[in-house]
Amino acid sequence: MHARQPMNITAFELWSQRHCQRVNRRLEQAVSAISDHTDGSPVLAEAIGYALLAGGKRIRPLLVYAAGQLCGAAPEQLDTAAAAVEMVHCYSLIHDDLPAMDNDELRRGKPTLHIAFDEATAILAGDALLTEAFALLANESHADVRMQLQGIAMLAQASGGRGMVAGQLLDMRMEGTQPHTQALEAMFALKTGALLHASAMLGVLAAGRGNNDPTHQHISQFGQAIGLCFQIQDDIIDVTSSTELLGKPQGSDAARGKPNYALTFGLDNARQRADGLYQTAMQAIRQYDHAADPLRQLGALISRRDH
Ligand code: GRG
């Protein structure tokens with residue numbers, strides 16, 4: 001590892017801005033490619049652009065860049081994976097907001113996609129984002145093919161019936177119940193944690209670090225802990241933040257009887273658990289020098305965010 005200057009908050013903010021710009025450029029290219037193929041019917045690309053290009057903290061792409069950087073990858077090697085995870089995430093938000101799911105009207109500070117367009121367009125825009133994400137990964141020409149296939153399989157597992165989709169179903173089934181800690185955390189790990197973990201691991205794989213590499217294991221441990229921490233913090237801010245800051249309705253978990261860590265076990269316990277998971281994540285990458293600072297700062301941001 002090279003000795004470098006420690007990264008302070010301002011350096012991290014600059015790092016985040018630079019990398020958000022990178023992924024935004026890649027996402028714009030992806031929307032243009034869809035637009036080029038749907039000349040006669042621009043509504044699909046318009047709907048995708050509406051949901052994908054305005055707003056969002058880009059935490060999952062930043063995890064790709066931060067983990068990849070720690071493993072020695074250049075940003076150019078990470079842009080496609082960064083865009084792909086944001087597209088999967090954006091699809092999940094669009095479908096999560098649909099009347100058949102959470103029936104939400106506000107997302108990222110704007111009307112949700114089915115409100116701004118219509119329900120069928122929102123379903124199709126989500127479908128297109130999910131499938132295009134995998135096309136991007138498969139068409140990446142500079143990657144090591146073995147790592148590329150592992151990455152595609154891992155993202156598919158994290159997003160589908162063994163990951164996020166399974167978690168979403170469990171979440172809906174838990175509405176109005178008082179789940180045990182283990183059941184609630186298992187659902188969180190699938191619904192939210194799996195995609196955050198996969199984001200970090202795509203960075204690792206893009207850098208060519210397979211299962212046998214110790215850094216692969218350490219970042220995997222980091223990703224698991226910070227993924228769970230993210231959802232517990234999300235539950236805390238659903239109780240404590242404001243609709244204005246969140247860009248979506250505050251207090252919606254209580255209003256709908258949705259499973260929420262802070263509501264089920266109390267705010268103090270939720271804060272304690274989120275902090276414990278943050279510490280676990282930091283422990284997993286303790287041996288790395290300043291090359292791991294973006295990952296550390298992202299971990300801190302995830303565990304302390306207010307929106
Ligand atoms: C397959 C029909 C169908 C629906 C899928 C899988 C799914 C619906 C939804 C996924 C579950 C989900 C939306 C989990 C919530 C995760 C979460 C807390 C999202 C908010 O993430 P942020 O804060 O959002 O990173 P921004 O807007 O900043 O990107």
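Biologist: At what angle do α4 and helix α9 (residues 181-206) pack, and how far apart are their axes?

Modeller: A word on the source first: this is a predicted model, in which local features need pLDDT of at least 70, side-chain atom pairs count only at pLDDT 80 or more, and totals for chains, interfaces and linings use all residues. Residues are numbered from 1 along each chain as its sequence is written, and side-chain values use heavy atoms, with hydrogens and water left out. Helices (H or I, at least four residues) are DSSP runs numbered from the N terminus, as are strands (E, at least two). Axes are lines fitted to C-alpha atoms, for helices over the stretch in contact, and angles run from 0 to 180 degrees between N-to-C directions. Here α4 and α9 pack at an angle of about 170°, with their axes 10 Å apart. That makes α4 roughly antiparallel to α9; angles under 35 degrees count as roughly parallel, over 145 as roughly antiparallel, 65 to 115 as roughly perpendicular and the rest as oblique.

Biologist: Which residues make the contact between α4 and α9?

Modeller: Contact means heavy atoms within 4.5 Å. Ala-81, Val-85, Val-88 and His-89 of α4 meet Leu-195, Ser-199 and Leu-202 of α9. By class, this contact has 5 nonpolar, 2 polar and no charged residues, where Ala, Val, Leu, Ile, Met, Phe, Trp, Tyr, Cys and Pro count as nonpolar, Asp, Glu, Lys and Arg as charged, and the others, Gly among them, as polar.

Biologist: At what angle do helix α4 (residues 79-96) and helix α6 (residues 119-139) cross?

Modeller: Their axes come within 8 Å and cross at roughly 160°. That makes α4 roughly antiparallel to α6. Residues in the contact include Met-87 and Tyr-91 of α4, and Leu-130 and Leu-137 of α6. The classes in the contact of α4 with α6 are 15 nonpolar, 3 polar and 2 charged residues.

Biologist: How are helix α2 (residues 43-53) and α6 arranged?

Modeller: The angle between α2 and α6 is about 75°, with their axes 9 Å apart. That makes α2 roughly perpendicular to α6. Among the residues in contact are Val-43 and Leu-52 of α2, and Thr-121 and Leu-129 of α6. The contact of α2 with α6 has 9 nonpolar, 1 polar and no charged residues.

Biologist: How many residues surround the ligand, and which are the closest?

Modeller: A residue is near a molecule or strand if one of its heavy atoms lies within 4 Å of it. The ligand is surrounded by 19 residues, the closest being Lys-57, Arg-60, His-89, Arg-108 and Gln-168. A polar side-chain atom of Lys-57 lies 2.6 Å from a ligand oxygen atom. For Arg-60, the distance from a side-chain N or O atom to an oxygen atom of the ligand is 2.7 Å, and for Arg-108 the corresponding distance is 2.8 Å.

Key
A polar contact is a pair of N or O atoms within 3.5 Å; within protein, one must be able to donate a hydrogen and the other to accept it, and residues adjacent in sequence count only if both atoms are side-chain atoms.
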